[in-house]
Amino acid sequence: MSNPIKNPLAAEQLVADPVPSAGEPISMHPDADLSKTVGKIEVKNAKMSMRSVDVFYGDKQAIFDVNLDIARNEVIAMIGPSGCGKSTFLRCLNRMNDTIENCKVTGSVLLEGEDIYATKQDVVPLRAQVGMVFQKPNPFPKSIYDNVAYGPRIHGLAHSNVDLDEIVETSLQRAGLWSEVKDRLDQPGTGLSGGQQQRLCIARTIAVSPEVILMDEPCSALDPIATAKIEELIDELRSRFTIAIVTHSMQQAARVSNRTAYFHLGYLVEVGKTDDIFTNPNHKLTEDYITGRFG
Amino acid sequence: MSNSHSPSTIEIVNRNLAVRYARERRFRRLGLAAVLSGFAALIFLMVTIVGDGWRAFQQGYIELEINFDAEALEIDDPADDDQWQYADYTSLIRSALRERFPALQTRKEKKLLYSLVSPGADYQLANMLVENREWLGQVQRVRLPVDDDIDVLLKGYVDETLPEDERRISNAQIELVKGLKSSGEIALGFNHIFFTAGDSREPEQAGIRGALIGSFLTLVVTLSLSFPIAVAAAIYLEEFAPRNRITDIIEVNINNLAAVPSIVFGLLGLAVFLNLFGMPRSVPLVGGIVLTLMTLPTIIISSRAALKAVPPSIREAALGLGASKMQVIFHHVLPLALPGMLTGAIIGMAQALGETAPLLMIGMVAFIVDIPAGFTDPATVLPVQIFLWSDSPERGFVERTSAAIMVLLFFLIAMNAVAVLLRRRFERRW
Amino acid sequence: MPISTLFTVILLLLAVAFYAGQRKALGFRARAQTQALPFYHGAWFAVYLIAPACAVLAVWSLLDGVLIKSMVLQSLPAQFSGASDAERELLYSEVSRLAYSRFSSTNADALQGSVGTYMSLNATSLKIKYTLSAMVMLACGAWAWLRLQPAFNARVRFERVVLALLLGSACLAIFTTVGIVFSVLFEALRFFDTVPFHEFVFGTHWSPQMSIREDQVGSSGAFGAVPLFVGTLLISAIAMTVAVPLGLLSAIYLSEYASRSFRAWAKPALEVLAGIPTVVYGFFAAITVAPLLRGFGEMLGLSVASESALAAGLVMGVMIIPFVSSLSDDVINAVPQSLRDASYALGATRSETIRQVIIPAALPGIVGGILLAVSRAIGETMIVVMAAGLSANLTINPLEAVTTVTVQIVTLLVGDQEFDSPKTLAAFALGLMLFVTTLCLNVIALKVVRKYREQYD
């Protein structure tokens with residue numbers, strides 16, 4: 001490192017840097033702070049409800065005793081620093097963690113009162129009910145039409161081609177993509193722009209008419225304009241679907257969600273009304289995070 | 001979409017589930033069946049080869065009392081090696097047989113008697129005497145290989161219920177052999193001839209030693225040419241080659257050569273090495289060169305992968321100390337990449353050891369009895385020997401072909417095992 | 001001098017030269033600052049002492065045969081002056097055999113003079129070869145010795161030599177290709193002088209044996225290669241019908257369904273099939289599979305030829321299974337996990353994901369792999385030589401015997417050959433077709449696979 005005295009520019013930077021506050025490094029917070037979630041986790045007539053959920057990757061525990069309810073037709077945002085387990089938690093909700101070898105989930109995850117980890121539960125209908133949109137847009141290397149029609153086709157949702165056309169059109173309209181692609185439905189979905197691809201993936205998810213949609217940082221690969229469009233879309237979708245969205249952007253959480261849950265090192269630290277969390281956080285860690293101490 | 005008239009999504013999904021899972025199971029079973037049928041083919045092949053071949057490691061021997069009479073052998077000058085070597089041992093064997101069965105007197109009976117012993121047994125007898133010269137004038141009990149028809153009978157391949165004229169062996173012969181077998185004078189023993197002799201027209205005299213040595217000599221040529229050249233080419237392409245058209249052409253070329261049919265390399269060898277340069281036919285030197293050209297792409301490709309696996313930090317560290325690029329590569333990168341390169345070379349050698357077609361083109365398919373002593377002696381190699389024997393109709397050759405295949409597979413498995421061990425031993429995670 | 005002795009001498013000279021160069025450098029290093037380590041002085045000196053001499057030796061050895069041959073052929077007695085090229089070829093080999101073995105022939109007396117010329121020429125050539133090499137070695141060595149000075153940067157010079165060596169090795173691949181093209185093309189063109197190209201490519205009758213009748217000018221047998229092409233394609237098609245579904249399904253099962261432990265031993269076990277020499281497959285096809293098929297056919301009342309295309313094709317298919325499966329395995333694994341996730345998240349079952357997402361996404365790569373496998377099937381030699389027939393039937397009935405391009409190449413070239421007869425040259429024409437076909441398949445396949453890889457990188 002250059003000597004700050006010999007390099008006035010560097011010296012200036014050093015001074016301009018905010019002096020780190022007295023706060024210890026984040027990992028050194030006493031465990032007592034983490035183990036009990038601040039805020040109200042229960043809601044009336046919950047769509048999904050998680051109790052004592054632990055997740056292990058082999059020997060490593062990634063999620064510690066998370067309890068949370070998700071209400072009908074709400075948008076719940078999950079925020080937290082990277083590696084805090086929010087994506088892992090999201091993937092528990094439609095058992096996408098099953099595809100990862102040596103991943104083990106304990107505790108109960110109820111969908112409409114049914115445990116989705118019960119042995120008789122089948123992942124196929126579960127995932128038809130709980131859809132998922134991923135971080136990076138991942139359209140199939142097929143035509144736009146076939147991308148959207150894929151879900152209805154495998155599940156046998158359409159009785160005829162006319163039916164299928166209708167499902168595709170409605171889904172694309174709801175995803176706000178119809179006007180942009182209606183003339184080129186037979187072109188590959190991979191040829192669209194990033195934002196369009198992500199909306200195509202959302203259309204593909206809602207074509208199966210799921211009850212819950214999980215979104216894993218759906219805008220992290222997109223530019224601000226595309227992000228705005230997706231956020232608009234989420235706002236429109238909330239009337240029909242229950243949405244759980246993981247985001248690392250606090251502004252996004254503030255803009256789209258009704259409730260917000262803050263995760264830290266695998267613990268659910270705080271949950272509450274979005275407005276309350278952002279204006280008046282109760283937990284020290286939450287406060288540190290939303291005021292930008294770390295992230 | 002779901003509304004009050006039509007069933008909800010989840011209802012439709014659940015209704016179709018049984019059919020979809022049935023399809024899933026079918027597909028899964030299909031996949032498993034494919035894997036298993038691959039195994040079945042492998043096991044079937046192995047079982048046939050071993051089932052046919054293991055018998056060739058045994059050979060029927062007949063014990064005879066041979067009178068090494070100097071007069072009968074016409075050896076009057078013990079210093080003359082030719083006399084020892086070219087004496088009439090056949091009549092020695094015949095008289096021993098006659099003495100053993102004095103009752104058989106007619107021409108036909110004698111012919112029957114003589115047919116017990118391999119027509120090449122005089123060669124074994126000659127060797128025995130040359131090695132034990134003090135036997136001259138003595139009577140010794142020796143074991144000689146029986147004729148291949150008798151050998152087949154001993155191994156139980158002869159269907160005695162067939163009418164006599166449909167088998168290669170007569171009832172009288174069977175009786176004779178049975179008698180000798182019960183007295184222990186004819187018995188199966190380890191077939192050392194198979195490992196010590198060269199090729200022969202008689203199954204019981206044929207061995208793989210010549211072919212093994214031919215294979216060894218050929219591989220020595222191949223390895224000593226292809227490994228250095230491949231490593232050099234890999235170093236150039238991986239470390240020095242500028243990104244330009246010529247480099248591209250070289251790379252495309254190497255990838256294509258790796259997929260050119262091996263017989264085309266044989267044509268190249270025939271046209272260029274034999275006809276243009278006038279090199280001799282059927283020799284390990286030319287065979288080795290042809291196989292070098294054939295295995296080069298394989299070794300180059302794996303050597304490049306080994307070089308690629310060496311992290312750039314090592315190069316940077318050495319460059320940072322002021323080493324020249326050449327020093328960096330030869331002092332640091334190459335030693336680290338060497339195990340990977342050797343693994344590739346061994347796999348290339350295994351490929352060369354099993355190769356037949358290009359060697360047919362350059363005449364290594366000749367019938368060669370002598371065991372090659374050098375790189376320019378006519379020779380054949382193990383796979384070609386297998387090819388040659390497989391053409392012979394005799395039961396004895398079928399079983400020897402299988403046995404030769406077992407030996408070939410043994411060497412291939414050993415080479416691959418060494419490659420795997422080498423990879424395990426030196427595998428490094430950066 | 002036998003090759004092994006020559007090598008020993010060269011190695012010894014190299015060692016001595018290296019030592020001498022190093023010593024000299026060590027000597028002046030004590031007195032002056034040097035540009036390079038003594039090691040490089042030694043190495044550079046050794047290279048310049050030996051390499052030019054070796055080059056002279058090699059070139060002379062390759063060329064003297066040709067020179068001596070033409071001189072001996074000119075010295076042939078008058079009675080052979082009317083001989084054709086092929087006969088002169090035979091005479092020459094007779095001369096060389098007479099010279100160096102106890103061989104004798106009817107012409108032995110007549111060729112006495114030529115044999116003498118041959119032997120003396122050989123002796124002279126040998127003398128010149130070694131003298132010249134020694135002179136070159138001395139000259140180059142003296143020049144190099146004088147250049148070994150403190151100011152001489154031996155390292156840079158030596159590294160330049162090494163770089164040239166590396167480049168040369170890399171270019172060997174090009175030389176090999178050029179060698180193949182020229183050797184095959186040259187002889188093939190000679191063949192097309194006697195048999196028109198269109199007759200070869202479109203003719204439906206193949207019987208090269210007829211050309212043995214010497215006196216019939218112009219009658220050079222029938223060289224219509226269509227039956228061979230059809231036979232090759234038939235056997236390849238059978239092989240691919242076996243290998244593609246089995247290989248692809250195996251790859252799918254092993255990469256998507258099998259447990260880790262099953263995969264750990266099943267994959268190498270399947271790859272054993274690829275390591276078995278083709279001659280073993282050929283033996284297996286001829287001795288085991290063909291009789292089985294014939295017996296099976298008899299049970300069904302079908303007549304199956306003892307060298308049926310089916311037996312060769314089936315066994316070839318088994319051989320290609322691991323080839324297809326490992327190539328498919330690579331491309332299936334290259335399909336990004338995100339596509340699988342997307343499909344599973346929509347509630348697709350495994351087989352639906354495989355059939356409707358993974359296979360379509362991997363299709364270009366799989367097609368590329370299959371093309372490579374086809375090229376391998378077409379070029380496969382030993383299985384068909386041992387298990388398919390020689391009779392050039394124009395049929396697509398897999399139960400009959402057919403012959404293939406590679407079988408004919410082997411049959412035409414194994415055994416005694418007169419190098420100029422259309423029969424032998426036909427083998428090179430077939431080789432040309434084989435090379436061009438497989439080359440095209442390979443180029444296309446490698447392009448397709450590379451494009452596919454780039455798509456997901």
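User: How do you know that strand S3 (residues 75–79) and strand S8 (residues 242–246) of chain A pair, and in which sense?
Analyst: The two strands share 4 bridges, and strands pair if DSSP finds at least two bridges between them. S3(A) and S8(A) therefore count as paired, and the sense is parallel. A:Ile76 stands opposite A:Ala244 in S8(A). This is a predicted model, in which local features need pLDDT of at least 70, side-chain atom pairs count only at pLDDT 80 or more, and totals for chains, interfaces and linings use all residues. Residues are numbered from 1 along each chain as its sequence is written, while chains are lettered from A and ligands numbered from 1 in the order in which they are written.

User: What makes strand S6 (130–133) and strand S10 (267–273) of chain A edge strands?
Analyst: The open sheet has 6 strands in the order S6-S7-S8-S3-S9-S10 (chain A), with mixed pairing. S6(A) and S10(A) each have a single partner strand, so one side of each is left without a neighbour in the sheet. Neighbouring strands of this sheet are turned by 20 degrees against each other on average, direction ignored.

User: Which strands does helix H8 (residues 194–206) of chain A lie across?
Analyst: H8(A) lies across S6 and strand S7 (212–216) of chain A, and runs at about 170 degrees to S6(A). Helices (H or I, at least four residues) and strands (E, at least two) are DSSP runs, numbered from the N terminus.

User: Why is helix H2 (residues 38–74) of chain C called oblique to helix H5 (residues 154–194) of chain C?
Analyst: The axes of H2(C) and H5(C) come within 8 Å and cross at roughly 45 degrees. Angles under 35 degrees count as roughly parallel, over 145 as roughly antiparallel, 65 to 115 as roughly perpendicular and the rest as oblique. The angle of roughly 45 degrees belongs to the rest, so H2(C) is oblique to H5(C). H2(C) passes H5(C) in a left-handed crossing. The contact includes C:Tyr40 and C:Trp44 of H2(C) as well as C:Arg155 and C:Phe158 of H5(C). Its residues divide into 7 nonpolar, 1 polar and 2 charged.

User: How many residues of chain B and of chain C take part in their contact?
Analyst: Chain B puts in 71 residues and chain C 75 residues, where contact means C-beta atoms, placed from the backbone, within 7 Å. H1(B) gives the most to the side of chain B that touches chain C, with 18 residues. By class, that side of chain B has 49 nonpolar, 18 polar and 4 charged residues.

User: Which elements of chain A each supply at least two residues of the side that touches chain C?
Analyst: In this contact, 23 residues of chain A meet 15 residues of chain C. Helix H4 (123–129), S6, helix H5 (144–155) and H8 of chain A each supply at least two residues of the chain A side. That side has 12 nonpolar, 7 polar and 4 charged residues.

How values were computed: Axes are lines fitted to C-alpha atoms, for helices over the stretch in contact, and angles run from 0 to 180 degrees between N-to-C directions. Two residues are in contact if their C-beta atoms, placed from the backbone, lie within 7 Å. Ala, Val, Leu, Ile, Met, Phe, Trp, Tyr, Cys and Pro count as nonpolar, Asp, Glu, Lys and Arg as charged, and the others, Gly among them, as polar. A crossing is left-handed if the near helix is turned anticlockwise from the far one by less than a right angle, and right-handed if clockwise.
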